[in-house]
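Q: Could we go through this model together? I would like to discuss its pockets and one of its helices.

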Amino acid sequence: MTALEFTYQIGTFSKFLRPFALRLTKDGDDANDLVQDTLVKAFTNRDKYQDGTNLKAWLFTIMKNTFITQYQRMVRRNTFIDTTDNLHYINSMESLQENKAVNSFINEDIQSALSKIDSMYRVPFMLYFEGFKYHEIAEELDLPIGTVKNRIFMARRDLKNHLHMYA
């Protein structure tokens, strides 16, 4: 493909790039910048394009990869790293005050809420809470796996209703 044909083909597909760029960036100016960056990369990397390859898909791939790279760069740039030497204040356990009374009240509320749940729902939920997998609970209780999932869901919903003050 000659340079003129390549330029013409890119020009015909460039109108499809802007809507895709808008979906990625959610901003008109950023979308225009992304389209421009994509077209510049396409022209500079024309030698990497192979005849017979879907040019439109190639352009969309360049755009997606450019967007991902710019997004990762922005996240890295906006990440704050504390390099101060006084980290002992942050990780100091001596300054942490626990209120064991509050923990006791919370535990009592949780135990009370659990006791209000029907054992049909409580037993699968407690097994799941203890770390058993759905299929292990189903085997243990001789229930279908869908029933186990449903009962755990119902127990969670009931607990959420009983413990709404902690939400």
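Predicted model: local features only at pLDDT ≥ 70, side-chain atom pairs only at ≥ 80, totals over all residues.

Q: Which residues line the second largest pocket?

A: The lining consists of I110, Q111, L114, F125, M126, F129, L159 and L163. Two elements give two or more residues to that lining, namely α4 (100–116) and α5 (119–129).

Q: And how does the lining of the second largest pocket divide by class?

A: There are 7 nonpolar residues and 1 polar residue, with no charged residues.

Q: What about the largest pocket, what volume does it have?

A: Its volume is about 230 Å³. The elements that each give two or more residues to its lining are α1 (3–25), α2 (28–44) and α3 (55–78).

Q: Which residues line the largest pocket?

A: They are L24, T25, D30, D33, L34, D37, F67, Q70, Y71 and M74.

Q: How many nonpolar, polar and charged residues are in the lining of the largest pocket?

A: That lining has 5 nonpolar, 2 polar and 3 charged residues.

Q: Let us turn to α2. Which of the residues in α2 are buried?

A: A31, L34, V35, T38 and A42 are buried in α2. They lie on the same side of α2, because the arc they cover around the axis is only 100°. One of these buried residues, L34, is also in the lining of the largest pocket.

Q: Which residues are exposed on the other side of α2?

A: D29 and T44 are exposed there.

Q: What covers the buried residues of α2?

A: The cover includes α1 and α3. Both α1 and α3 also give two or more residues to the lining of the largest pocket.

Q: What span should α2 have, and how far apart are its end C-alpha atoms?

A: α2 has 17 residues, so at 1.5 Å a residue it should span 24 Å. The end C-alpha atoms are 24 Å apart, which agrees with that expectation.

Q: Stepping back, how many helices and strands are there in the chain?

A: The chain has 7 helices and 0 strands. Along the sequence, the pattern reads α-α-α-α-α-α-α.

Q: What share of the residues of the chain counts as buried?

A: Of its 167 residues, 22% count as buried.

Q: And what share of the contacts comes from residues 24 or more positions apart?

A: Such residues account for 59% of the contacts in the chain with a separation of 6 or more.

Note on methods:
Residues numbered from 1 in each chain as written. Heavy atoms only, no water. 1 Å grid on protein atoms, 1.4 Å probe; cavity = no way out; pocket = protein on both sides within 12 Å on 5 of 7 lines; lining within 4 Å. Points joined across faces, edges and corners; volume = space filled by probe spheres on them. Helix = DSSP H or I, 4+ residues; strand = E, 2+ residues; numbered from the N terminus. Nonpolar A, V, L, I, M, F, W, Y, C, P; charged D, E, K, R; others polar. Expected span 1.5 Å × (residues − 1). Buried < 20%, exposed > 50% of the residue type's maximum accessible area, 1.4 Å probe, protein only. Arc of directions from axis to C-beta. Contact = heavy atoms within 4.5 Å.
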